[in-house]
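Hello,

Here is the structure for you to look over. My notes follow below it.

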Amino acid sequence: MQLQFLGTGAGMPSKERNTSALALKLLEERGTIWLFDCGEATQHQILYTTIRPRKIEKIFITHLHGDHIFGLPGFLSSRSFLGGEDTLTIYGPKGLKEWITASLQVSKTHLKYTIEYVEVQEGVVFEDDDFIVESRLLEHVIPCYGYRIQQKALQGELLIDKALELGVPKGPLLGKLKNGEDITLENGQKVFSKDVTASPKEGFILAVLGDTKYCETAKILSENADIVIHEATFDHKTEHLAASYGHSTNIEAAKIAKEANAKNLILNHISARFLTHDLEVLLNEAREVFFDSFIANDFSQFEWKNNKLIAVEDTNY
Ligand SMILES: [Zn+2]
Ligand SMILES: [Zn+2]
């Protein structure tokens, strides 16, 4: 799994940061990409990456502020031009479907694929054999949902040598054992799946929080998460503004990660008031509270590998 930030700014685009969008690349896990929020010009940002719009299978919208949705009509249209034919599912608060439909209708945009809309409420918004996504209402100036994405435990690998040793012939019986089935060999000997497979591997837990002030729900969504992505629109000097604008400081974000017993924190949604040289200060302040903190810039990429979060330095994405 990889994460790539396409926009990490707050409110308005600046030269340094575009508005919110984050790609969760699940290319190995399911051959697709999920997008979280789609601020204006997200499709322009995508042009600088290897992301193919038709690979985007789902878009999760946290809330209806422009800096999180104004990129949708353009992106949806380009996805069609670029050969996207698979159904796209869009999850978001009430009103999103009406806004998208009106934008597409007024501009006479006809898509070559179907959009499925899921109006998000608190609870499970998506579940299949591999993933479960849950949403909860955060505390912002309009309804804003945070998402908790959990990858289900992965089937343990088949220990081929062990199976062969027990006399299992090469072929479909190995597949059955791999899928958890016990088998009986021709000579009547039973072989148990658990004896020839490694123990299941835990999947990852990712919390993608939208705009929010410091709140209990952010903590619940982040509980024991491997990675928490939390906004940091303000810092301690502007703390008095944070709560009244429905936002958080870098330190509050770090407190959430710490109190939720999370493993890693990535700060995003950074105000344009902070210049490049302020970022190190923002990050260090967060690290004093929660050591495993990172700060995301546009195009920052992270990889989740062997239960570790690695910031990918290579800019060739
Ligand atoms: Zn915002
Ligand atoms: Zn907002």
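**Helix H11**

Helix H11 spans residues 276-289, and its buried residues are Leu279, Leu282, Leu283, Glu285 and Ala286. Viewed down the axis of H11, these buried residues fall within an arc of 160 degrees, so they line one face of the helix. An α-helix has 3.6 residues a turn, so residues three or four places apart point the same way. The face turned away from the buried side of H11 carries His277, Glu280 and Glu288, which are exposed. The cover over the buried residues of H11 includes helix H10 (250-259), S14 and strand S15 (293-295). Please keep in mind that this is a predicted model.

**Zinc site**

Four residues coordinate the zinc ion (ligand 1): Asp67 (OD), His68 (NE2), Asp211 (OD) and His269 (NE2), at 2.2 Å. The angles among its 4 donor atoms run from 92 to 163 degrees, and the site is irregular. Tetrahedral would need all angles between 85 and 135 degrees. Along the sequence, the donor residues of this zinc ion (ligand 1) follow the spacing D-H-x142-D-x57-H. His68 sits in helix H3 (residues 66-69) and His269 in strand S14 (residues 264-270), so the pair ties together parts that are 201 residues apart in sequence.

Are these two histidines buried or exposed? His68 counts as buried because its relative accessibility is 1%. His269 is buried too, with a relative accessible area of 2%.

Best regards

Terms used:
Residues are numbered from 1 along each chain as its sequence is written. Chains are lettered from A and ligands numbered from 1 in the order in which they are written. This is a predicted model: local features need pLDDT of at least 70, side-chain atom pairs count only at pLDDT 80 or more; totals for chains, interfaces and linings use all residues. Side-chain values use heavy atoms; hydrogens and water are left out. Donors are N, O and S atoms within 2.8 Å of the metal (3.2 Å for Na, K and Ca); water is not among the atoms, so sites may look incomplete. Four donors count as tetrahedral if all angles lie between 85 and 135 degrees; four count as square planar and six as octahedral if opposite donors are over 155 degrees apart and all others between 65 and 115; anything else is irregular. Helices (H or I, at least four residues) and strands (E, at least two) are DSSP runs, numbered from the N terminus. Buried means under 20% relative accessible area, exposed over 50%, partly exposed in between (1.4 Å probe, protein chains only). The arc is that of the directions from the helix axis to the C-beta atoms. Contact means heavy atoms within 4.5 Å.
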